Amino acid sequence: MRDPYEVLGVPRSANAAAIKSAFRKLAKKHHPDANKNDPKAAARFAELNSANEIIGDADKRQQFDRGEIDADGKPRFQGFPGGGGPGAGARAGAGGFETHTFRSGGAGAGAGGFEDILNSMFGAANARGGRAGPGAGGARFEFDPGTMAVDLDLAVSMTVSLEEAVKGGDKRVRLPTGKELNVKIPPGVVAGQQIRLKGQGETAPGHPPGDLLITVSIAPHAFFKVDGSDLRLDLPITLYEAVLGAKVRVPTLGSAVELSIPKNTSSGRTFRLKGKGLPKAGGNGDLLVTTRIMLPDGNNAELEALMQKWRDAHPYNPRSDLSS
């Protein structure tokens, strides 16, 4: 992945608030639901999520800035402890990281290679993963490249809808290699959860294939907001429904339900629908429905005359508690 600072368009000196603001602005702009005719929108949105996971997290940002992890969150090779300076086969590379030259020869011109480091660390004949090489009594250590641990895991991000997160389903994900896989999303997946697909990572001769690690993010919903295992919903109601009471249909992640609005319901009153939220241990969370009184569009002379008459006959001050 590209440098996360470049992806979010912020300088390395940006504070946490600036990073958060940049991510929200770009996520809203490039969200797949807002760019349904753009086949690249999902990839851009996934890249934004990945960048925010690195520099939007204080600990990971410090690790990235120190060069301990890369833009995908994978650990970088930092050299062996006690490996010494350039005389021990190490030299400063780009970004101040150490690069080691792996040599396979004896002493003499060009000595001081990787086998010298291993000899000094482990001892020649007893060095684990090595074998005695030619030289003084066979005491030199030859590096066996087959013993090197190779990280072949692949890490990608995948954005799912709230409905997919709750009910599960199948979704295709595109790997950096260009390969596409059909991924089964387990029901009840949560944001930040990882799905591991064995053997679907990168390959290298002489090594078993790595795994594919998919980090899940949940796309913002059109009207539900996630609050832990609960869902929140703003429910528009008319002025006459608020005054006279009514029965209105309320959407849920399943089928719609009917909610009774009592007479004289103020805007901002919240009703709790038990078990209509997200899955959790022992059951489901709740759906919290908050009423929002909506007036009709445009000017309405008849409504204005009615309100003026009502105001004159029944004055009241709902802001009396705010008076100093």
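Leu-287 touches Phe-224, Leu-231, Arg-232, Leu-233, Val-250, Pro-251, Thr-252, Phe-271, Arg-272, Leu-273, Lys-276 and Gly-277, leaving aside residues up to four places away in sequence; contact means heavy atoms within 4.5 Å. The model is predicted, so local features need pLDDT of at least 70 and side-chain atom pairs count only at pLDDT 80 or more, while totals for chains, interfaces and linings use all residues. Residues are numbered from 1 along each chain as its sequence is written, and side-chain values use heavy atoms, without hydrogens and water.

**Nonpolar cores**

- Val-250, Leu-259, Leu-287 and Val-289 touch the most other members of the largest nonpolar core, which has 18 residues.
- A nonpolar core is a set of buried (under 20% relative accessible area, 1.4 Å probe, protein chains only) Ala, Val, Leu, Ile, Met, Phe, Trp, Tyr and Cys residues joined through side-chain atoms within 4.5 Å.
- Two or more residues each come from α6 (162-167), β11 (230-238), β12 (246-250), β13 (257-261), β14 (270-273) and β17 (287-294).
- β11 gives the largest share of this core, four residues.
- Ile-19, Ala-27, Phe-45 and Ile-69 are among the 17 residues of a second, separate core.

**Helices α2 and α3**

- α2 (residues 16-30) and α3 (residues 41-55) pack at about 165 degrees, with axes 9 Å apart.
- This angle makes α2 roughly antiparallel to α3 (over 145 degrees).
- In the contact, Ile-19, Phe-23, Leu-26, Ala-27 and His-30 of α2 meet α3 residues including Arg-44, Phe-45 and Leu-48.

Terms used. Axes fitted to C-alpha atoms, helices over the stretch in contact; angles between N-to-C directions. Parallel < 35°, antiparallel > 145°, perpendicular 65-115°, else oblique. Buried < 20%, exposed > 50% of the residue type's maximum accessible area, 1.4 Å probe, protein only.
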